[in-house]
Structures are given as C-alpha cells and as structure tokens.
Amino acid sequence: MRETWPERFAETPDVLIDLEVGAQAGARRERTHVPVRDFVVGGDEFVTMAGPCSVETERQLLATAEHVRRCGARVLRGGAFKPRTSPYAFHGLGLEGLKLLAKARQETGLAVVTEVMSECDVAMVAETADILQIGSRSMENYSLLEAAAHSGRPILLKRGMVATIGDFLKSAQFILENGNPNVILCERGIRTFETAMRNTFDAAGIALLKKIAHLPVIADPSHAAGHRDLVPDLARIGVAAGADGLIVEVHPDPERAWSDGEQSLNFAEFGAMMDNLAPWIALRERHRSWQHTAEARSLEVVG
Ligand code: PEP
Ligand code: MN
C-alpha cells in the first residue's frame with residue numbers, strides 16, 4: 001500500500017496535522033495561530049512582512065517602515081546581525097540595529113522580525129524582536145534553536161538552502177519539543193542545478209507543508225528569486241500555493257543597499273506588488289472558506 005504523509009514524516013509527529021497513531025488515528029489537530037502583538041500568523045488574515053535586508057541607518061529604516069505600513073504590511077523585517085557568505089561583506093549594525101528597529105516599531109506600530117545568529121545573542125535580540133528569525137544557514141544549529149525556543153518568542157524558521165522537507169520539519173519539531181509552539185515555517189528557495197535564479201522557489205514545498213503540517217507557512221520570494229523583477233511573480237505563486245504570508249525585501253534605494261540590493265524592491269515596486277496581489281489574496285479567502293467546508297465534511301464522514 002502507498003505510504004501516507006504521516007507515515008512518511010513519522011519522525012516529526014508533533015508538526016503533522018493528521019494524527020495516525022494509536023487511539024487518535026484519523027483525528028486532526030487545530031491549525032496553529034501564532035500570536036504576534038495584536039494579530040496572528042496562520043489565521044484568516046494574510047500577513048505581509050517587509051523591510052530592508054539589513055538595518056543600515058535611521059533614515060533608511062524609518063522611511064521603509066512607514067512606506068511598508070502604508071502599503072499594508074504588518075511586520076517590519078530588517079537584519080541587525082547578518083549572516084554573509086563573504087567575510088568582507090557588511091555583517092550588520094548589531095545592538096545599534098536593534099535599537100533602530102525598536103524605534104521604528106514605536107513610530108509605526110509594526111511588529112519586528114529580525115535574525116538571531118548566535119545563542120549568546122538570543123536574550124538581547126528577543127528583547128526587541130516580536131518574532132525571532134532563524135536564518136537558512138542556521139536551520140540545523142540545534143543549540144541556537146534550543147535557546148531561541150526557550151526565549152518564548154515566536155520563531156520564524158527559514159528552510160535551510162539544502163534542507164529537504166523532512167529536515168525542515170525536524171528542526172520545527174525540535175523547537176516544539178523545546179516547549180515553544182509558535183513556529184512559522186518559511187520557504188526561501190533551495191539550491192538546485194539551476195543558476196539563473198539565486199535559488200529555486202519550492203512552491204510544491206509550500207503546498208505540501210500546508211497539507212501535512214499545522215504550522216503557518218510564509219513565502220520569501222526575495223531570497224528565492226535573487227532578482228527584483230521576479231519577486232512579484234513569486235509572491236503571487238506563494239499566495240496561490242497556500243502561504244499564510246510573505247516576507248519581502250524593500251529598500252528606499254536598492255542600488256545603494258548594503259546587502260541584497262539586486263533582489264530588493266524600491267518603494268514604488270513594493271506598492272505596485274501589494275496592489276496587484278490584492279485580488280489574489282481575496283481569492284485566497286474564498287478558497288480557504290471552501291477548504292474549511294470540505295475539511296469539515298470529510299471529518300464528518302470519517303467521524
Ligand atoms: C535574510 O532574510 O536577509 C536572510 C539572510 O535570509 P536567508 O537566511 O533565507 O538567506
Ligand atoms: Mn537578505
């Protein structure tokens with residue numbers, strides 16, 4: 001007989017939506033709604049997170065925060081601690097960057113998501129961050145995952161660039177196992193033989209995660225594409241694949257960005273992308289209510 005998804009991912013039972021073992025077989029878990037300030041990720045609202053790759057200056061961050069808020073974003077992104085492949089690249093403003101993020105939150109009311117790279121920094125970053133980002137390069141850093149889980153903050157877990165869905169779920173399970181239920185999965189593209197794009201956007205991965213896991217899933221079209229002209233298309237595909245939200249890089253002057261300028265949208269491009277996404281997000285609401293009805297019916301049949 002064909003292996004079921006819960007059998008296939010049996011090593012990570014707590015992330016799965018369908019329970020397949022013992023007396024609970026056939027039962028279904030509630031979807032996780034991750035609480036962030038005055039909203040949730042993974043509920044009915046589609047949540048957009050946007051901002052620069054790196055926090056650079058007060059002017060850059062505050063102008064970007066104000067713009068993305070006006071366009072409908074709920075969360076400001078921006079790295080104060082940057083994992084850069086080159087040792088000579090900009091590695092972030094550190095504590096100074098965190099202070100600027102706190103100021104931007106105070107002025108705009110946006111929540112803040114920012115990366116933590118080292119377990120030694122978890123307490124400091126968690127003081128400012130509403131959501132702690134675990135970067136692609138850190139997905140398998142288990143001491144970092146453990147410390148981040150214990151902070152009690154929601155965790156945005158980015159898929160490792162060479163991680164299978166099974167590996168990704170194992171890291172999520174590890175966080176749950178450490179007592180933190182508030183995990184948001186983020187598909188940000190994986191390495192394949194294709195070199196035209198920075199990474200290969202795994203839309204099927206998003207669809208699969210939404211089918212088998214109860215955790216919210218968001219799409220990162222910026223790191224997946226690596227080129228700003230592809231970002232709106234990948235964002236739309238992310239919505240259609242069932243993502244609960246997006247995380248997008250936006251900069252007032254992408255050509256002069258200190259990191260990831262080639263994939264960052266300028267203000268006008270981000271505004272246009274949000275306008276163009278609106279009908280797709282509305283369609284998603286309709287699809288979700290249809291899906292809820294279908295799921296409820298199939299449970300009635302099973303029950
Ligand atoms: C980022 O969000 O700027 C980042 C470094 O992402 P990733 O860990 O997915 O490469
Ligand atoms: Mn980046």
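Author: Strand 4 (residues 75–77) and strand 5 run parallel and are joined by three bridges. This is a predicted model, where local features need pLDDT of at least 70, side-chain atom pairs count only at pLDDT 80 or more, and totals for chains, interfaces and linings use all residues. Residues are numbered from 1 along each chain as its sequence is written, and side-chain values use heavy atoms, with hydrogens and water left out.

Reader: What makes strand 4 and strand 5 a pair?

Author: Two strands pair if DSSP finds at least two bridges between them. Strand 4 and strand 5 have three bridges, so they pair. In one of them, Leu-76 has Val-112 of strand 5 as its partner. Strands themselves are DSSP runs (E, at least two residues), as helices are (H or I, at least four), numbered from the N terminus.

Reader: Which strands make up the closed barrel?

Author: Eight strands do, in the order 3-4-5-6-7-8-9-10, with parallel pairing. Neighbouring strands of this sheet are turned by 25° against each other on average, direction ignored. Strand 6 (residues 131–134) and strand 7 (residues 155–158) also run parallel, with three bridges.

Reader: How do you know that strand 5 is mostly covered?

Author: Buried means under 20% relative accessible area (exposed is over 50%, partly exposed in between, with a 1.4 Å probe and protein chains only). In strand 5 (residues 111–115), five of its five residues are buried. Ala-111, Val-113 and Glu-115 are on one side, Val-112 and Thr-114 on the other.

Reader: Why are helix 6 and helix 7 called oblique?

Author: The axes of helix 6 (residues 165–177) and helix 7 (residues 203–212) come within 12 Å and cross at roughly 50°. Angles under 35 degrees count as roughly parallel, over 145 as roughly antiparallel, 65 to 115 as roughly perpendicular and the rest as oblique. The two helices are therefore oblique to each other. Their contact (heavy atoms within 4.5 Å) is made by Ile-165, Phe-168 and Leu-169 of helix 6 and Gly-205, Leu-208, Leu-209 and Ile-212 of helix 7.

Reader: Why does Asp-260 count as buried?

Author: Asp-260 has 12% relative accessibility, and the cut-off is under 20%, so Asp-260 counts as buried. Asp-260 sits in the loop between strand 10 (245–249) and helix 10 (267–302). Its phi is positive, about 55°, although Asp-260 is not a glycine.

Reader: Where is Arg-37?

Author: Arg-37 is in the loop between strand 1 (34–36) and strand 2 (39–41). Arg-37 has a positive phi too, near 45°.

Key. Chains are lettered from A and ligands numbered from 1 in the order in which they are written. Axes are lines fitted to C-alpha atoms, for helices over the stretch in contact, and angles run from 0 to 180 degrees between N-to-C directions.
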